[in-house]
Amino acid sequence: MDVRPETAQKLPAEQRYQDELDRLRAADQDPKPAGWALSPRAVRRFILGDKAVQVSRKFYGDDPLVDRCIVALMGHQGLMLVGEPGTAKSLLSELLSAAVSGNSRLVVQGCAGVIEDHLRYGWNYALLLAEGPSERALVPSPVLTAMQEGKIARIEELTRCAPEVQDAMISLLSEKTVAMPELGAGREVRAERGFNVIATANLRDLGVNEMSSALKRRFNFETVAPIADAAFEKELIARQVGERMAEYDIATELPEDVLDVVVSVFRDLRTGRAQDGAVVAQPKSVMSTAEAVNVAHGALLDASFLSGEAPTGAHIARQLRGVVFKDDADDARKLRAYVDTIARARGRTSRTWAIFHKTAKDEC
Amino acid sequence: MQGEAVIHDVRGRLFQPEAGFYLAPIRHHSPACAWAVQAMIRDLKPARILIEAPHDLSHLIPHLLAPDTVPPVAMASLLDQKSGPRLAAYYPFCSHSPEWVALREGAAIGAELRFVDLGSDAKMKASDPKETGPQALVREHGFDSGDYVRALCERLGCRDGFELWDHLFETRIGDGDWRRFLGDVGTYCAALRASTPEDQIQQGDDPKREAHMAACIRDALAQGTSEGPVICVIGGFHAWPLLTPEATAGDVQAGGRSEASSYLIRYGYKDMDALMGYGAGLPQPAYYQALWDHVEARETAPSWPELAQDLVAGFAAEMRRNGHAIPVPAQVELLRSAETLAQLRGRPGALRHDLFDGLTSSLLKGESSGSDVWRDRFVQFLRGTALGDVSDGAGQPPIVADARARAARLRFTVTDGQRRERSLDLRRKPTHLAASRFAHALALLDTGFATRNGGPDFVNGLQTGLLFEHWEYAWSPHVEGQLIEAAIHGDSLPSACLGKLQAERAALAENGRADDLPSLIALFKKGLLAGLSDELDSFLAEIASAINRSADFPGTARAMIDLHSIEASRGPLSLPNGLAIKPVMQQAFSRVIYLCDDLPNMRDEAIPPCLTALRLMSELLRSDAAAAVEAERFKEALDRVIKADPAPELIGAITAIGVESGRRAEHELPDLLTAQLRGSAPDLPTRLAGLRGVLAVSPSLLWTVAGVLDALDEFLNHLSDTEFLEVLPHLRLALSALNPREADQVAEALSRRHGGSAGDFSVHHHDIAPDEAAAGAAMELALRQSLAADRLEDWITGGQA
């Protein structure tokens, strides 16, 4: 189905940034690998920005990572983006495919319900029954389409697919061909040049399937790290919470000091090191920016709709356990240790931290 | 003059053939610069070569040129201060240093060689006193920071100043046109200078240094240039003021006396890389060495693919030797990624950063954290392990003199090689304590000078109450040899000891034992014994972070006890004022509390050490150490443990701690034991588990708390003989926690219960094997049964049974 730009919640990257892509294409002098819409350098400029042709920066943090991703796509290996949730893996994958192939919509959204057909091809059963196996009755998967057209296929959340489905990727990536025995002996689709696969995966969440080492070998792994700059992360959290709160008819925002508590707690527990250098036991739970936004959002809702008071450290403390420490008893210990030492010490000089400490101690 | 004018000035006047004066602006340890300097000297055949190195180190030039001096070597300079510690600084050379190449090339054509920088004493005095670690005598400004570097990095897509430098200049190694290359380096450095705020330049010692260097150039030019021109090899940042030496020098006189003493030492790439971290030259010297060797062998520009291939193959070979083979497809992918990245980034071939990126792409499978094992291995490979050699004529490093002076001061006889004995009264005589520290220091450096024959062993905590330490010692050439070896760690005894301890700690980390608490604490103790003080700060930090990673309850408790014993120690282990051990103890305490929550899930075999740890912790918290920590948190943690239903031993131990501290009511202990002993555990010994826990933690509770002995006595009374025999060994084991006096007390209490005195229960001991005793008991049982069957018990026991 076509995207309707007027009403769609979110447009695909190649439409959102069509102007920029057009400008880059017009100015592109560098050699292009076969099947690529832009040269590797133009792809880089599309993602990291280029003021000269008015192209905005879309991915922050790790420029060499973007270089490596582009180079990986030029090779025979697939590109696997891993990292914590909320680190913009999917965004990067979308941007790369939009720039390289001009199409970011050849996506398989991985989940436990995905079967091999979603990676290879399925059938239009009405036609299949009426005509028998024919090209008309065959329904190609996004991956098959990408192979036929020499484009980038995206597989989101590969580790959520069952191992046998993941296995189907192995031969696909090494042979770059899909055999179709139903259409006759020797019938197959061979990937056009320009075809490659970008997968994103989460290796730490519970409920994901371990990747086989055969599959790992066929991918170049790139880890997308959380935002390194605390001030930027704080700004991002405030912005995202603000966007979410816009849905409710209530004007409220987190006070600066409370926001600082959220950012500090998440950064300390994520990095295993407090701002003053003290070592902190790292929980297994994902302490991503996305989760920080959830906590801040939850605290704000709690303060506005339930307790009817200004948001404080106490609201944050109450959200932490429910939102973050969902499934690991050991993590609760680590949070308690953090509250007992770091938060307690900070509480001596800061009221917000003192309130946070008191509530968190009772909650844990 | 400002900005662009400076840049144009440098560009236009670096080479002044009419005056016979050529500046060679360089970056230290840059092979590309070395190549250009080599070409320049071969081309111009100068009469004099001036080099940016402290003028007071000139006496080392002949040793540097000696055929048996092999880089990496370093000129070391030492300065005794009237107040404050002795300062030491190093000027390293490797075979790809432009300065080294200039020296060797200059000597080959018979040019006069001079060092022109300010004296090393002045440079050391000007250094920041807060900076710790080895100081570098070569300093470079702004190659890695500043607006200019940042802006260029952004424009060229480089992540830092190092990548930028490689991208702009190392790619041009082997360039035949040295004029263009050095002109570009000069321009780049002039731009760096132009974008550095003037007050920042004026603040440091740069103006003084530049005036001195200019004065040297002025003097050299005054000697005439008829035999050949003057070349000055200089850090690019200083090029601009030296374009007009007379003006910059003013009336400054070159040379002068230096208060520092200096000597040549062999150096290693490892140390060199560490020194680079302090702002001099380029890191990972083995990489640049490989680049230099490659170009030297080809005598022209490098074949980048070949170099990358050689490096990757060399790395793969080393990894294979170490048992981490890299599959060939991964090697191919590494090379492909690196080469393609280099193309994307507009480079002639894969540079250091491209290789790292290629390695990241091809070898890291899975999620990477900041430091990865493969990256670390590659860093180590590119850092290299080369060790240089110093000419025999270069004399003795001062650590030997330092050790001899200290020995004489502390009244050790070092004039002959005879073995002597010496007893040191550690606690009463400060001079003896100092002598002991000296002996420990020399032992730490493996010199073989002194061996401890008796007295307290503080490292292992044995016999620490002894007052005297007994040593046997002798000075020998071997001791001197070992000291010279140790000179690489430092120039004086304390700094060498510190360096040695740091090396041992690094070795621990390399063997995967970075978190080995007992070893880390032992290193810390060794440092204290050798008389180190605030320098040991980093060891404390290391211990603190190992504690924070520790997953071992008894080990962490042990570490806390150890730290406390050091804190409380007043003898040779006494803490210097500057070391704050309390925060580390507090951290250990927090970790112990954190690990308490593991106790309920302990495996059986892991429980005995935990019991010991619980005893130590509760003893510690009853001592004066309790003031340093919040003891209440430990008690709360124990409450949590007991709620989580741990093993019965632990329940016993924790209840005992609670009763002893008054947190729990006294009756809880007999109640617990009665419940356990009367319980339905089919296996009798397990019913004793609680008692084992109590005895392991606090044996005295057995007779001081009412009802405990009664519970045990009642349990034993209800046992049949067979059951008693089954329980006996376990009972013995549990009661072995008692010392003989306590055992007597228990016996007394028991005998009072049954009437009579303990003596009545004394038995004559016979050498009867257990199986014989069992056979005897079985026979007695059979007899009793037979008598009972015949209803003759009353007859045989006189009606008392």
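K45(B) counts as partly exposed because it has 15 C-beta neighbours inside 10 Å; a residue is called buried if 20 or more other C-beta atoms lie within 10 Å of its own, exposed if 12 or fewer, and partly exposed in between, with C-beta atoms placed from the backbone. K45(B) is not a glycine, yet its phi is positive, at about 45°. It is found in the loop between helix 2 and strand 3 of chain B. Here helices (H or I, at least four residues) and strands (E, at least two) are DSSP runs, numbered from the N terminus. The model is predicted: local features need pLDDT of at least 70, side-chain atom pairs count only at pLDDT 80 or more, and totals for chains, interfaces and linings use all residues. Residues are numbered from 1 along each chain as its sequence is written, while chains are lettered from A and ligands numbered from 1 in the order in which they are written.

E299(B), also not a glycine, has a positive phi near 60°. This residue lies in the loop between helix 14 (285–298) and helix 15 (304–321) of chain B, and with 7 C-beta neighbours inside 10 Å, E299(B) counts as exposed. A further feature is the cis peptide bond from P71(B) to P72(B), whose omega is near 5°. P72(B) belongs to the loop between helix 3 (61–65) and strand 4 of chain B.

## Overall form of chain B

Chain B contains 38 helices and 12 strands. Its radius of gyration, taken over C-alpha atoms, is 37 Å, whereas a compact globule of 801 residues would have one near 28 Å; the globule rule is 2.2 Å times the number of residues to the power 0.38. The C-alpha trace of chain B spans about 135 × 65 × 45 Å along its principal axes. Of the 801 residues in chain B, 45% are buried.

The domain bounds come from an automatic or database domain assignment. Chain B is divided into domain 1 (3–140 + 178–189 + 199–268), domain 2 (286–383), domain 3 (396–486), domain 4 (647–762) and domain 5 (768–801). The centres of domain 1 and domain 4 of chain B, taken over C-alpha atoms, are separated by 81 Å.

## Strands of chain B

Two strands pair if DSSP finds at least two bridges between them. Strand 8 (residues 230–235) of chain B is mostly covered, with 6 of its 6 residues buried. It pairs in the parallel sense with strand 2 (residues 21–26) of chain B over 6 bridges, and A24(B) has V233(B) in strand 8 as its bridge partner. Strand 3 (residues 48–54) of chain B also runs parallel to strand 8, joined to it by 4 bridges; there, L50(B) is the bridge partner of C232(B).

An open sheet in chain B has 4 strands in the order 7-5-4-9, with mixed pairing. Strand 7 (135–136) and strand 9 (261–266) of chain B stand at the edges, each with a single partner strand, so one side of each is left without a neighbour in the sheet. Strand 4 (residues 73–79) and strand 5 (residues 87–93) of chain B run antiparallel and are joined by 7 bridges. M75(B) has Y91(B) in strand 5 as its bridge partner.

## The nonpolar core

In soluble globular proteins, nonpolar side chains tend to be buried together. A nonpolar core is a set of buried Ala, Val, Leu, Ile, Met, Phe, Trp, Tyr and Cys residues joined through C-beta atoms within 7 Å. The largest such core has 317 residues, of which V262(A), A296(A), A24(B) and V37(B) touch the most other members. Helix 2 (residues 31–44) of chain B provides the largest share of this core, 10 residues.

Two residues are in contact if their C-beta atoms, placed from the backbone, lie within 7 Å. Leaving aside its neighbours within four places in sequence, V37(B) is in contact with A24(B), I26(B), P98(B), V101(B), A102(B) and V233(B).

## Contact between the chains

The contact takes 24 residues from chain B and 26 residues from chain A. Helix 16 of chain B gives the most to the side of chain B that touches chain A, with 6 residues. That side divides into 4 nonpolar, 11 polar and 9 charged residues, where Ala, Val, Leu, Ile, Met, Phe, Trp, Tyr, Cys and Pro count as nonpolar, Asp, Glu, Lys and Arg as charged, and the others, Gly among them, as polar.
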